[in-house]
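Take a moment with the sequence and the 3D view. Then read on, section by section, and find each part as it comes up.

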Amino acid sequence: MSLKRSPEEIEKDISNIEHALLTVSEIRSSLKHFTNIIQAEQKGSNFVQLFGDRLKCVRYDLNTLSAQGENLKGALEHAQITAIENKFNWNMIKSEAEKEATEEEIRYREEEANSGKAKELGSIVKASAEHAYKELSSIVLERKSTLTTSEPLFLTKCISEWLAENKPINTELSIIFAKKEYSTLCGSTCRIKICMRKALVADLELEYERESDALVIHQYTIISAKEEKQSWQNSQYFVFQKMNLLATTAFEDMLGFFAREALYNILDWFASYHDLFISPCQRCHKVLQFDSPQYRYLPPMVRTWAKKQPIYQNNETATVRKIGAPYHMRCFIEYRNNQAM
Ligand SMILES: [Zn+2]
């Protein structure tokens, strides 16, 4: 790497820094929205949904920032080298800083003179923050169990039953609790990692809603078993990026069942990926297919999933979709269109 940076490069750096700062301000605004939802006096029936959606926004902005951070690496290295060389005009920097501080002080005095509004604002912010904190702790914090016995909670129980009775034999699949299940006001929640050897690792944040007997997935990422990623970071491989997109549709169908069945659907679905890079497509009988210029050649990365079938009025039997059948994305769309006829 060259020590000097051309004026064009520095210009680009400044524009990158500006972009990153804009993203920081977007994160602040996402966080503000998120806080507003938590602060709201009336919590509607869609509160959990809103909570999840807003959390997703915050996560999206944080991901954007981390990508932009990558672009700033060159500039930061340059800044570090310059700092080591220490060729700064300290006197000028000091006098500029003092000037700014004096101006800031004057502005503050003026504001304070305006009938102490600044202080008032401060106390409002403090009160709101305290209120938000109280609300947040009532929602998120663990409710201490009154039971003395250590009876496993709903999701933990379902998962261990699935592992014992439904996990396909000879499938090297394990489930780790990244966050132990704990009770919440409306049910329970936990975070699990499904590890399928030689194929994938899926990280899921699950919630069980007792009253509606529903399962909710708040966040998820599916990455290669070979990857080491921070939580909720996307995969570097095209096939897994695409699988994350597919999962959005698949989960929607699979979560249409009651909680226990929905959870079993999801675990069955992940288990069906054990032959991800080996099994040929059910339609074209090939392993690799040209997908798109962006994703290039992909193996059949679709595995069919459970979906509630419409009830037929006459005695015609509905075509039951085979679960876990491998398809290429394009072949799957063709297959689905034919089935819908
Ligand atoms: Zn195919």
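## The whole chain

How many helices and strands does the chain have? There are 9 helices and 8 strands. Keep in mind that this is a predicted model.

The chain has 341 residues, and 18% of them count as buried. Contacts also tell a story. Take those with a separation of 6 or more: residues 24 or more positions apart account for 56% of them.

## The four-stranded sheet

Start with the sheet. It is open and has 4 strands, in the order E1-E2-E3-E4, with antiparallel pairing. Which strands are at the edges? They are E1 (173-183) and E4 (214-224), and each pairs on one side only. Neighbouring strands are turned against each other by 15 degrees on average, direction ignored.

A helix packs on this sheet. Helix H7 (residues 238-254) touches strand E3 (200-209) and E4. The direction of H7 makes about 165 degrees with that of E4.

## From E1 to E2

Strand E2 covers residues 187-196. E1 and E2 run antiparallel and are joined by 8 bridges. They form a hairpin, with 3 residues between them.

Which residue of E2 is the bridge partner of Tyr182? The partner is Thr189. Further along, Lys179 stands opposite Arg191 in E2.

## From E2 to E3

E2 and E3 also pair in the antiparallel sense, over 10 bridges. Ile192 has Leu204 in E3 as its bridge partner. Lys193 stands opposite Asp203 in E3. Is E3 mostly covered or mostly open? Mostly covered: 9 of its 10 residues are buried.

The hairpin of E2 and E3 has 3 residues between the strands. Look for Lys198 in the loop between E2 and E3. Its phi is near 65 degrees, a positive value in a residue other than glycine. Lys198 has 13 C-beta neighbours inside 10 Å, so it counts as partly exposed. The cut-off for exposed is 12 or fewer.

## From E3 to E4

How many bridges link E3 and E4? The answer is 10, again in the antiparallel sense. Tyr208 has Leu215 in E4 as its bridge partner.

E3 and E4 form a hairpin with 4 residues between them. In the turn, Asp213 has a positive phi of about 50 degrees.

## Two helices side by side

Now go back to the start of the chain. Two packed helices are described by the angle between their axes and the distance between the axes. Helix H1 spans residues 7-39, and helix H2 spans residues 47-71. Their axes come within 9 Å and cross at roughly 165 degrees. H1 and H2 are therefore roughly antiparallel to each other, because angles over 145 degrees count that way.

H1 passes H2 in a left-handed crossing. What classes of residue make up the contact of H1 with H2? It has 13 nonpolar, 9 polar and 3 charged residues.

## Phe34 in H1

Phe34 lies in helix H1. Which residues does Phe34 touch, not counting residues up to four places away in sequence? It touches Arg54, Leu55 and Val58. Phe34 and Arg54 are 20 residues apart in sequence. In space, their C-alpha atoms are 5.6 Å apart.

Is Phe34 buried or partly exposed? It has 18 C-beta neighbours inside 10 Å, so it counts as partly exposed. To be buried, a residue needs 20 or more.

## A loop further along

Look next at His285. Where does it lie? His285 is in the loop between helix H8 (259-271) and strand E5 (289-292). Its phi is near 60 degrees, a positive value in a residue other than glycine.

Around His285, 9 other C-beta atoms lie within 10 Å, so His285 is exposed.

Note on methods. Residues are numbered from 1 along each chain as its sequence is written. This is a predicted model: local features need pLDDT of at least 70, side-chain atom pairs count only at pLDDT 80 or more; totals for chains, interfaces and linings use all residues. Two strands pair if DSSP finds at least two bridges between them. Helices (H or I, at least four residues) and strands (E, at least two) are DSSP runs, numbered from the N terminus. Axes are lines fitted to C-alpha atoms, for helices over the stretch in contact, and angles run from 0 to 180 degrees between N-to-C directions. Two residues are in contact if their C-beta atoms, placed from the backbone, lie within 7 Å. Angles under 35 degrees count as roughly parallel, over 145 as roughly antiparallel, 65 to 115 as roughly perpendicular and the rest as oblique. A crossing is left-handed if the near helix is turned anticlockwise from the far one by less than a right angle, and right-handed if clockwise. Ala, Val, Leu, Ile, Met, Phe, Trp, Tyr, Cys and Pro count as nonpolar, Asp, Glu, Lys and Arg as charged, and the others, Gly among them, as polar.
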